[in-house]
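Hi there,

Here is the structure I promised to pass on. Please have a look at it first, and my notes follow below.

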Amino acid sequence: MKSEILAALREAKEYVSGQELCRHLGVSRTAVWKTIQKLKEEGYRIEAIPNKGYRLADDSDVLNERELACFRKTAWVGETIVYYPVTDSTNIQAKRLAEEGAPHGTLIVAGRQEAGRGRRGRYWESPEKEGIFMTVLLRPDFSPGKASMLTIVAAMAVAKALRTYSDVSAEIKWPNDIVLNGKKICGILTEMDTEIDSINYVVIGIGINVSNQKFGEDAAAVATSIVMESGKRIQRTKLIHAVWEQFEIYYDKFCAAKDLSEIKEEYNGYLVNRNRQVRIIDPKEPFTGVAKGITDTGELMVETEDGIKLVSSGEVSVRGIYGYV
Ligand code: ATP
């Protein structure tokens with residue numbers, strides 16, 4: 001009955017009387033009232049005014065399996081959606097589901113992560129209700145060497161979704177951090193399982209800071225959220241689907257070209273470090289130079305006194321000369 005009441009409230013957009021809901025659903029007023037209370041407990045903002053009825057506030061930010069299914073707009077990502085109110089990490093769950101045979105496009109979403117991780121096992125802050133924590137499972141049929149480019153495809157999708165759906169001027173710090181006003185709003189962790197010449201699966205985990213107001217000691221200097229930068233309240237479910245809608249577009253371009261040539265120009269336009277001095281923190285050979293953009297295969301081109309150097313991700317980190325970007 002919850003879904004029916006929600007659908008009726010969504011369709012009406014304005015107040016719907018209790019009586020109308022009873023008639024529509026063929027149940028008693030008490031049953032309607034009880035269901036409305038349960039929906040409120042789940043986090044839906046439902047206003048009740050005597051003699052007018054009930055109205056669903058359009059800024060309810062509820063994340064659950066029902067909402068994720070209701071707002072899905074994608075062709076193939078999320079045909080299977082697995083939602084965990086709490087989990088260790090969506091990448092860990094995605095890898096487990098992959099081993100169990102879950103299909104291409106399976107989307108794993110969590111309300112909170114207890115062991116969210118960035119690259120090289122670094123901690124990723126994942127507080128309840130404040131962020132988006134999700135992973136897509138892919139089973140591409142191209143060669144393993146191409147899979148690392150998918151992280152750039154994902155970064156492009158998140159940046160574009162943030163610009164179009166949340167109307168914030170998201171930029172990309174190569175290869176796949178999304179930044180807003182020079183601070184990190186999203187991290188992406190791509191992991192894969194491969195044979196010599198084929199990919200078993202790739203998982204792309206994405207963490208987006210939505211309404212965080214503060215961060216712990218480790219992240220405070222570099223992290224920010226949509227609310228902190230713009231004051232905008234957004235519905236996580238809608239942003240999640242906006243990301244995957246964009247991902248499908250860029251993934252198609254990537255698969256057609258078999259590299260990033262169809263995405264490169266737009267990506268370079270989003271690159272926060274473009275034409276700026278950067279420090280390449282390479283454990284073997286750190287150096288500085290001016291970032292010029294990416295190649296068709298995703299390396300960062302850095303202009304140095306000795307000419308253009310190509311930087312591949314992996315063990316390398318990029319920073320601005322004076323700080324994070
Ligand atoms: P890179 O080496 O690619 O530049 P990074 O240092 O930004 O990466 P990641 O592996 O992408 O590291 O992310 C982990 C780091 O991000 C943590 O060490 C912490 O400083 C920071 N961090 C942790 N949680 C968050 C969060 N919710 N938002 C932004 N930054 C975070």
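**What I found around the ligand and elsewhere**

Helix α7 (217-220) and strand β14 (317-320) each give at least two residues to the shell around the ligand; helices (H or I, at least four residues) and strands (E, at least two) are DSSP runs, numbered from the N terminus. Before you read on, please note that this is a predicted model, in which local features need pLDDT of at least 70, side-chain atom pairs count only at pLDDT 80 or more, and totals for chains, interfaces and linings use all residues. Residues are numbered from 1 along each chain as its sequence is written, and side-chain values use heavy atoms, with hydrogens and water left out.

In total, 17 residues surround the ligand, and the closest are R119, K184, N209, S317 and R319. A residue counts as near if one of its heavy atoms lies within 4 Å of the molecule. By class, this shell has nine charged, five nonpolar and three polar residues; Asp, Glu, Lys and Arg count as charged, Ala, Val, Leu, Ile, Met, Phe, Trp, Tyr, Cys and Pro as nonpolar, and the others, Gly among them, as polar.

A side-chain N or O atom of S317 lies 2.5 Å from an oxygen atom of the ligand. For R119, a backbone N or O atom is 2.5 Å from a ligand oxygen, and for K173 a polar side-chain atom is 3.2 Å from one. The protein covers 93% of the 640 Å² of accessible area that the ligand has on its own (Shrake-Rupley method, 1.4 Å probe).

In one of them, the ring centres of W76 and Y251 are 5.2 Å apart with planes at 55 degrees, so the pair is tilted. Rings of Phe, Tyr and Trp (its six-membered ring) pair if their centres lie within 6.5 Å; planes under 30 degrees apart count as stacked, over 60 as edge-to-face and the rest as tilted. W76 sits in the loop between α4 (65-70) and β3 (81-84), and Y251 in helix α9 (residues 236-257), 175 residues apart.

Finally, two backbone details. The peptide bond from W174 to P175 is cis, with omega near -5 degrees, and P175 is in the loop between β6 (171-173) and β7 (177-180). N51, in the loop between β1 (46-49) and β2 (53-56), has a positive phi near 70 degrees.

Best wishes

Methods:
A polar contact is a pair of N or O atoms within 3.5 Å; within protein, one must be able to donate a hydrogen and the other to accept it, and residues adjacent in sequence count only if both atoms are side-chain atoms.
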